[in-house]
Amino acid sequence: MNRERRLILYCLVVGAVGWTALILSSPGAAPWGVLALFVVLALLIEASAFRVPPADPHSLTGIVILSAALALGPADGALIAAVSGLIFGMLLPLIYRRPRTFYLLVARPLLRSGVRAGAVLAGGALARLLTDDAPGEALSLMTLILCYPTLIQLNRAIREYIQGGVTGVLTWWQSSWMPVVAAEIAPLPLAALFAAIYTRLGTGYFVFAAAGLLAASLAVRQAAMNLRNQGASIRELRLLNEASREIIRAELDVEALSELIYRAASKVVDTSSFHLGLFDPESDRYTLVVRVQDRVRLPPLTVDLPSGDGLVGWMRQTGRSLLVEDFATEMDRLPARPRYQSERPPRSGVYVPLLDGGKVIGTISIQSYQPYAFDADDLRMLSLLADQAAVAISKARAFAAANERAVQLQAIQDVSERITAILDLDQLLPSVVRLIRERFGYHTVHIFLLEEDGRLHFSASTVEGEALERLRQVVVNPGEGIVGSAVLAGQPLLVNDVRADPHYINNDSSTRAELAVPLRYAEKVIGVLDIQSTEAGRFQRSDLFITRTLADQVAIAVKSARAFRAQREEAWTLNALLQVAENLSRATSLDTLLPAVVRLPPLLLGCDRCYCLIWDRHAASFTPLAAYGLRPNDRATFVGCAIAEQDAPLLAEVVRTVAPLALDSASGHGHLCVPIIERFGSASLLVMPLWTRGAALGALVLDYGPLPHHFTARDLTLANGFASQIAGALESALLAQEAAQAARLEEELRVARDIQRTLLPSRAPDLPGWDAAADWRSARMVGGDFFDYWYLPAQQAFEARIGGDGRSGSDSAAFQPLGFVIADVSDKGVPAALFMALARSLVRAAALDGSAPSAALIRANRWITRDTEAGMFVTVFYGIIEPHTGRMRYSCAGHNPPLLFRANGAVETLHTPGIALGVLEEITLEEREVCIAAGDVIVCYTDGVTEAINAAEEPFGVERLIETVAAVRTGSAQTILEAITDALGRHAEGPLYDDVTLVVIKRVDPS
């Protein structure tokens, strides 16, 4: 039963008890008019109550109720208390606009009236117990003052405890003890005065006294509200002070500061819909940095907002704040109409400018869909916060501007250091464009270099993907486009609106501004630095100065890098010729050797393409192992694809004669090697044999084209020596590859065995009153047997029993069913291990929801047959033990039936009809049940146990297994397991021929 239901039940029970006591006290002795007068007075006093959340309303109603009890008697006083409490309790949800639930409209009013009636009757009963005669007025007043507030507050404490526990009671008491004492207990002695006025002076004077009491009640209410408002004002000022200090201490970052201002405003006003916008210093651009609508955070928004346009434009123009209590009634009187258009416009709002030195730098506004949601206090609080925020934002902007200039200067220094440190042109230019974009935030940065043909060729860019591939093909003539115009004029060209410039070539629709600066070296233009932006008017004079400085330094770096490249290529060619043998000897595998084999000939001999092919004598074919100089598509369809001997007689002749062949003109001899000459358009070919230890490994082909090449003696000598080195290195790499593959296979099997062991339970389950042990051994490195345990969800019957007995969480573990499984895959080795991992996972997944054994195995079989096509199957025995009862449900899918050894020495087999999993998609399995008593032992095994043979090829058999277990069945599960493994080892006397798995479960005698 949840708290709400307990609370309703408490209200109904206690309320019914109070009303029952009231009815039994026979009220109604006084005239109904008098009773009605007291009820009306009590309701009026209740209506003037004040409330300090989370407590109930506090009022002087106790004076009216106790005076009625003194003047009319406890029974009639209780009746007045019950009726007024019931009526006002039903009106409370309407007064405070609370949900109209059964609890608030029925249960709580019944409790309120019943407790009040019971409290009055208890006071009268206590007075009668203290005296033999009729109790006097003083004694009655004392007992009523004692019982009435005590029972009322006790009821409230009980109610708060049911709702919120001890914390709820403490929270209620801390907030209400003072008003309870001051307004509900301390004035109760006045009840004697009002009772005396009614009994001695009559109804007229009592009405005057009641009016005074009502006036006093209203005065108390007003005083309480004033104190509460004063406390709220103090809290608001404290929050405003804290917010101001946070803003002052905040970091000088506009976005972080705006976020802090939003959080600070949330502490003092309702920010369900909140906007903080900033104007650009030199334009009409207005950015909503923080935009919250209906408590949903929206992304920033930038618009053009001229001064005087809309409420925000009006604030920028006048610098004045605005409070709108209801747009619907004030729209015609507003100084400006809202600019936004919405199907659900706000009804009220507060708009405050951010003023810094008389200049509006932004605005803050809060809005609501309810009219009159804000008042002058909200406007005042938000204005005070805005004054602090404006100063902080101005400082942050000034700091950001200074920091931006420092960053620009630092960027120039960084670029200078970078371009002087890099001498590789291929690394230099991409680094320069990336650094410029990162440091200055430009949309796109390009570099074009003037080549020997007199045209500008693309060299580097910050774009990526398909756009970069298109740029690689771009060639610009001087005078063409903005880039070509800058080269032709020899001067920078700045265009802040490319749409209005006739030179612009539209190859990027997002570009709005472009700045092209020539790269000059010794008064000679060698290229162009081109910068683009998505913002019109983005570039200023500072950008022109910075890019011109960068362009001069880039030009020097380009000339230095070009000179370095020429010297480096010449030196590298000479050095590579001397280091061929060393480079090949360093390669330890084909993966590292083959790229060097096909890359070095183009560097040394200048061929356009190079291929390394291996010769397969048995298949009479050549297989390309590596190629250089081919396009990706050609390489993918060439490397690894066998070439028949009859399709390449040129290669076959080289392998047969072990002599190089040079073909200066291959265009007319395509039939000599169709897969190479005709496919790749070869102009000249040089084929070198790869020969080692009297055997031909293959051939090395040097392919020239599209221009023909005349081979010299130097070419043949270098190629022959090079081929000899390659042949030796290739032979070593092939042998190393074979050895590595064998070692890797062995290591993978070892790792697979370790992984397979981790799939099995590392220890037996810890069940009170049960003992379990298991053993798994594979005939090979990996095996197909497996076993597993898992805890299943407790049945509802067990849960009810646990709850009823009041057992703790640790005791409930004894009622959680245990599922266990033992299985045997139809094969051995790696295939069985893979199938074992799949079968184990699927069986476990099918059983973990607590399904019956047969249903779980049928579901697992369906998954196995659908997910695998290996033609393998697995036998499974699955049992579920209820630890506290000893009941076990089980199902056998073609597995060896486990043996159940009874404590009295009897032996039973646990089997059910069924087929192995993985054979057919739809199968039928039966399920049976057995009760395991104390001392009973279950022995589960795979066929590797009973089919293990000795030197005479005699199987271990079920009979030996029964004899072995029967001899030690009184021992622990581990003892029984060790006895079986010892007997099996003595019988087999050698390596296992099949996987062996054992699971022993014993129920321990509770004594």
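I started at D788, which stands opposite V821 in β22. The strand labels are DSSP runs of E, at least two residues long, and helices are runs of H or I of at least four, all numbered from the N terminus. I kept in mind that this is a predicted model, where local features need pLDDT of at least 70, side-chain atom pairs count only at pLDDT 80 or more, and totals for chains, interfaces and linings use all residues. Residues are numbered from 1 along each chain as its sequence is written, and side-chain values use heavy atoms, with hydrogens and water left out.

**The sheet around β21**

I followed β21 to its partner and found that β21 and β22 (residues 818-825) pair in the antiparallel sense over seven bridges. Two strands pair here if DSSP finds at least two bridges between them. Which order do the five strands of the open sheet take? I read it as β21-β22-β23-β24-β27, with antiparallel pairing. The edges are β21 (785-791) and β27 (928-931), each pairing on one side only. On average, neighbouring strands of this sheet are turned by 20 degrees against each other, direction ignored. Helix α25 (residues 829-847) packs on the sheet and touches β21, β22 and β23 (874-881). The direction of α25 makes about 20 degrees with that of β21. Axes are lines fitted to C-alpha atoms, for helices over the stretch in contact, and angles run from 0 to 180 degrees between N-to-C directions. A contact means heavy atoms within 4.5 Å.

**Helix α20 and the strands it meets**

Next I looked at α20 (residues 649-657), where L650, L651, A652, V654 and V655 are buried. Buried means under 20% relative accessible area, exposed means over 50%, and partly exposed is in between (1.4 Å probe, protein chains only). Against which strands do the buried residues of α20 pack? I noted β14 (609-616), β15 (621-628), β17 (661-663), β18 (684-692) and β19 (695-704). Just after α20, V658 takes a positive phi of about 55 degrees.

I then picked a residue from two of those strands. C612 lies in β14 and is buried, at 0% relative accessible area. Its C-alpha atom is 5.7 Å from that of P624, 12 residues apart along the chain. Leaving aside neighbours within four places in sequence, C612 is in contact with residues including L594, V597, T623, P624, L690 and L730. D703 lies in β19 and is buried, also with a relative accessible area of 0%. Among the residues that D703 touches, beyond four places in sequence, are R609, Y611, F680 and S684.

**A loop residue**

I found A948 in the loop between α27 (943-946) and α28 (957-968). Is A948 buried or exposed? A948 counts as buried, because its relative accessibility is 10%. A948 touches E954, P955, F956, L984 and H987, not counting residues up to four places away in sequence.

**The whole chain**

Of its 1007 residues, 46% count as buried. Residues 24 or more positions apart account for 65% of the contacts with a separation of 6 or more. The accessible surface comes to about 49,200 Å², of which 55% belongs to carbon and sulfur atoms. Accessible areas come from the Shrake-Rupley method with a 1.4 Å probe, and for residues only the protein chains shown count as cover.
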